[in-house]
Every structure is written in structure tokens, then in C-alpha cells.
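Me: I have a structure open and would like to learn how to read its features. Could you walk me through it?

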Amino acid sequence: QVQLVESGGALVQFGGSLRLSCVTSGFTFRRYPWAWYRQAPGKEREVVATLFSDGINTNYADSVLGRFTISRDESKDTLYLQMDALKPDDTGVYYCNTFRLDWASIADWGQGTQVTVSS
């Protein structure tokens with residue numbers, strides 16, 4: 001049974017930093033591409049950062065490029081998202097999951113972690 005447990009969200013001021021963690025289980029972690037997703041209030045969920053299965057190649061949404069860094073620890077089956085220079089537009093619930101082109105059809109999600117950036 002797959003499980004995703006996100007943590008690290010908080011209320012932070014404009015320009016601050018946070019590090020999100022996602023502990024996974026039920027996956028052969030290193031074989032998958034992984035992503036962080038964000039759902040802002042009143043908006044659809046979107047992909048903000050992707051880490052491909054080689055653990056090296058990444059892709060970022062334009063809105064977070066240069067400010068967010070996705071990484072993983074294979075020994076802990078854990079995915080991370082370092083978030084710097086946070087802006088109010090970064091506010092939302094952050095989720096991790098495997099990445100695929102039809103990610104919107106993924107049925108199993110964790111509870112997410114809330115990030116709120118005050119101006």
C-alpha cells in the first residue's frame with residue numbers, strides 16, 4: 001500500500017524559506033520520477049518541481065525557477081523541496097507524488113502540507 005506523508009509547511013513572511021519533506025512508502029522510490037504539486041486557494045493543482053528518476057535532472061515551473069530546489073534521499077525514501085525567497089503567490093497546499101504526464105488522474109494522494117506566505 002502506497003503512502004505519502006508531507007510535512008514542513010508553515011506560516012512564513014515574504015522572503016522567508018521553508019523546507020518541505022515527503023516520506024514515501026510502498027514505492028520502489030528510486031525508480032520513479034517525483035514531483036511536488038501545489039494547490040493554491042481557488043485554483044487547480046499544478047506541478048511546481050519535478051525530479052526525474054536519475055535523481056539529477058529537474059524541471060521547475062517558471063514561477064518558482066531559481067527559488068525552489070527539489071531533491072531526494074534514497075536511503076530514506078524521502079523527497080524534499082527547499083523553498084527560498086517565498087512570495088504570497090506561493091501560498092497553497094503542497095503535495096508530493098510520482099510524476100507522469102497524466103498526473104491529474106493519480107488517485108492516491110497524501111494530506112499535503114499548508115504553506116502560507118504573508119506579505
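Reply: Gladly! Keep in mind that this is a predicted model. Let's begin with strand pairing: two strands pair if DSSP finds at least two bridges between them. Here, strand S4 (residues 34-39) and S9 run antiparallel, joined by six bridges. One of the partners across them is Trp 36 with Cys 96 in S9.

Me: Which strand do three bridges join to S9?

Reply: That is strand S10 (residues 113-118), again antiparallel to S9. Val 93 has Gln 114 in S10 as its bridge partner. As for covering, seven of the seven residues of S9 (residues 92-98) are buried.

Me: How do I read a disulfide, and which cysteines form one?

Reply: In general, a disulfide is a covalent bond between the sulfur atoms of two cysteines. In this model Cys 22 and Cys 96 form one, with their sulfur atoms 1.7 Å apart. Cys 22 sits in strand S3 (residues 18-25) and Cys 96 in strand S9, 74 residues apart. Both Cys 22 and Cys 96 are buried.

Me: And how many aromatic pairs are there?

Reply: The structure holds seven. A pair of rings is described by the distance of the centres and the angle of the planes. Take Tyr 37 and Trp 103: their centres are 4.9 Å apart and their planes at 45°, so the pair is tilted. Tyr 95 and Trp 109, by contrast, are edge-to-face, at 5.9 Å centre to centre and 80° between the planes.

Me: Which charged residue sits over the ring of Trp 109?

Reply: Arg 45 does, its charged end 4.2 Å from the ring centre. Trp 109 itself is partly exposed, with a relative accessible area of 23%.

Methods
Residues are numbered from 1 along each chain as its sequence is written. This is a predicted model: local features need pLDDT of at least 70, side-chain atom pairs count only at pLDDT 80 or more; totals for chains, interfaces and linings use all residues. Side-chain values use heavy atoms; hydrogens and water are left out. Buried means under 20% relative accessible area, exposed over 50%, partly exposed in between (1.4 Å probe, protein chains only). Helices (H or I, at least four residues) and strands (E, at least two) are DSSP runs, numbered from the N terminus. A disulfide is a pair of cysteine sulfur atoms within 2.5 Å. Rings of Phe, Tyr and Trp (its six-membered ring) pair if their centres lie within 6.5 Å; planes under 30 degrees apart count as stacked, over 60 as edge-to-face and the rest as tilted. A charge sits over a ring if NZ of Lys or CZ of Arg is within 6 Å of the ring centre and within 35 degrees of the ring normal.
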